[in-house]
Amino acid sequence: MQTPDPRPPYYKRPPVVERVATLRAEMTEEEFEARYDDWRDLVQADFPVDESLKEWLLLVEEKEGIPLLSSARPELRITPRFSLKPSKEQFDWSIRCPVGQFTMNMHSKPGQRAGRRYQNLRADYEKWLRRWLEHFQVRKLESLSLHYVNVLNRETVPDFYKGNQFHLDRVVSVFTQVPGDHECLIPPYYSMANVKLRDHENSILRIELETCGKPGGEPAVKLDLVVTTVFDESAWSPEGILGLLDWQHERILERFEAVFTPEARKSFQPAAP
């Protein structure tokens with residue numbers, strides 16, 4: 001039996017452009033609002049740019065499965081978001097904290113290694129996670145997720161373009177084996193799969209692939225790898241949450257190796273052992 005190649009310590013030019021850690025917990029609107037102003041002041045000391053997300057929802061009542069348009073009413077949903085840089089400068093680092101949710105986003109560019117690895121996200125996440133848990137007096141957890149966003153375009157995988165044609169089947173080993181006779185896959189792309197993971201209850205990994213980039217531009221793809229674990233009723237601690245985050249990170253690394261082809265991984269420039 002052939003022994004698989006060992007996983008490299010890291011890649012010099014991986015296509016990862018964002019890493020996101022999210023913890024969700026039980027929290028009422030009243031609990032959140034009572035503590036939010038002090039929390040905002042605390043966060044803005046390190047993340048000064050306030051660009052909260054505003055989303056209008058149209059709430060409609062139903063009767064016997066039929067929407068009653070006469071009952072429609074708008075509702076404004078605001079997601080607090082604080083960043084090191086404004087959105088036009090690609091955020092860099094940011095924190096999102098709606099009711100019952102603590103999310104930290106770490107953005108990066110291809111080839112940007114300094115301060116942009118999982119260990120960097122974990123260190124800052126630990127610092128702010130502990131503050132969030134204490135500040136909002138969190139008692140019951142709901143779920144933890146780790147999300148890696150990969151972008152496949154001419155900048156990250158230039159070797160797989162021939163003219164305006166993108167050879168996606170040479171980059172990823174999932175969603176590309178389509179029966180029948182054809183020349184190649186073309187945009188728009190969209191595929192998704194969820195798998196239940198072993199060794200940890202209530203853990204699911206999602207692989208999602210979809211077209212990204214500007215309409216009419218060159219073919220480009222966003223590939224998301226997301227591990228989500230739902231908490232049971234057992235006791236928890238900040239250390240336990242972080243240990244679970246490490247476990248989720250290992251599952252994403254394993255799936256990264258499986259999802260990308262050997263040819264693609266070579267193009268990401270694996271570091272020498």
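This dialogue discusses how to read several features of a predicted model.

Trainee: How many disulfides does the structure hold?

Mentor: A disulfide is assigned from the distance between cysteine sulfur atoms. In this structure there are zero disulfides.

Trainee: Is cysteine 97 buried or exposed?

Mentor: Burial is judged by relative accessible area, with values under 20% counting as buried. Cysteine 97 has a relative accessible area of 0%, so cysteine 97 is buried. Cysteine 212, at 22%, is partly exposed.

Trainee: At what angle do the axes of helix H2 and helix H3 cross?

Mentor: The axes of H2, residues 118-135, and H3, residues 238-259, cross at roughly 150° and come within 11 Å. Angles over 145 degrees count as roughly antiparallel, and H2 and H3 are therefore roughly antiparallel to each other. The crossing of H2 past H3 is right-handed.

Trainee: Which residues make the contact?

Mentor: On H2 they include Tyr118, Tyr125, Leu129 and Leu133, and on H3 they include Pro238, Ile241, Leu242 and Leu245. Charged residues also take part, among them Arg122 and Glu126 of H2 and Asp246 of H3. By class, this contact of H2 with H3 has eight nonpolar, two polar and five charged residues.

Trainee: Where is serine 145 found, and which residues is serine 145 in contact with?

Mentor: Serine 145 belongs to strand E8, residues 141-152. Its relative accessibility is 10%, so serine 145 counts as buried. Apart from neighbours within four places in sequence, serine 145 is in contact with Val20, Ala21, Thr22, Arg24, Val227, Thr228, Leu245 and Gln248. One of these, Leu245, also belongs to the H3 side of the helix contact.

Conventions:
Residues numbered from 1 in each chain as written. Predicted model: local features only at pLDDT ≥ 70, side-chain atom pairs only at ≥ 80, totals over all residues. Heavy atoms only, no water. Disulfide = S-S within 2.5 Å. Buried < 20%, exposed > 50% of the residue type's maximum accessible area, 1.4 Å probe, protein only. Axes fitted to C-alpha atoms, helices over the stretch in contact; angles between N-to-C directions. Helix = DSSP H or I, 4+ residues; strand = E, 2+ residues; numbered from the N terminus. Parallel < 35°, antiparallel > 145°, perpendicular 65-115°, else oblique. Left-handed = near helix turned anticlockwise from the far one by under 90°. Contact = heavy atoms within 4.5 Å.
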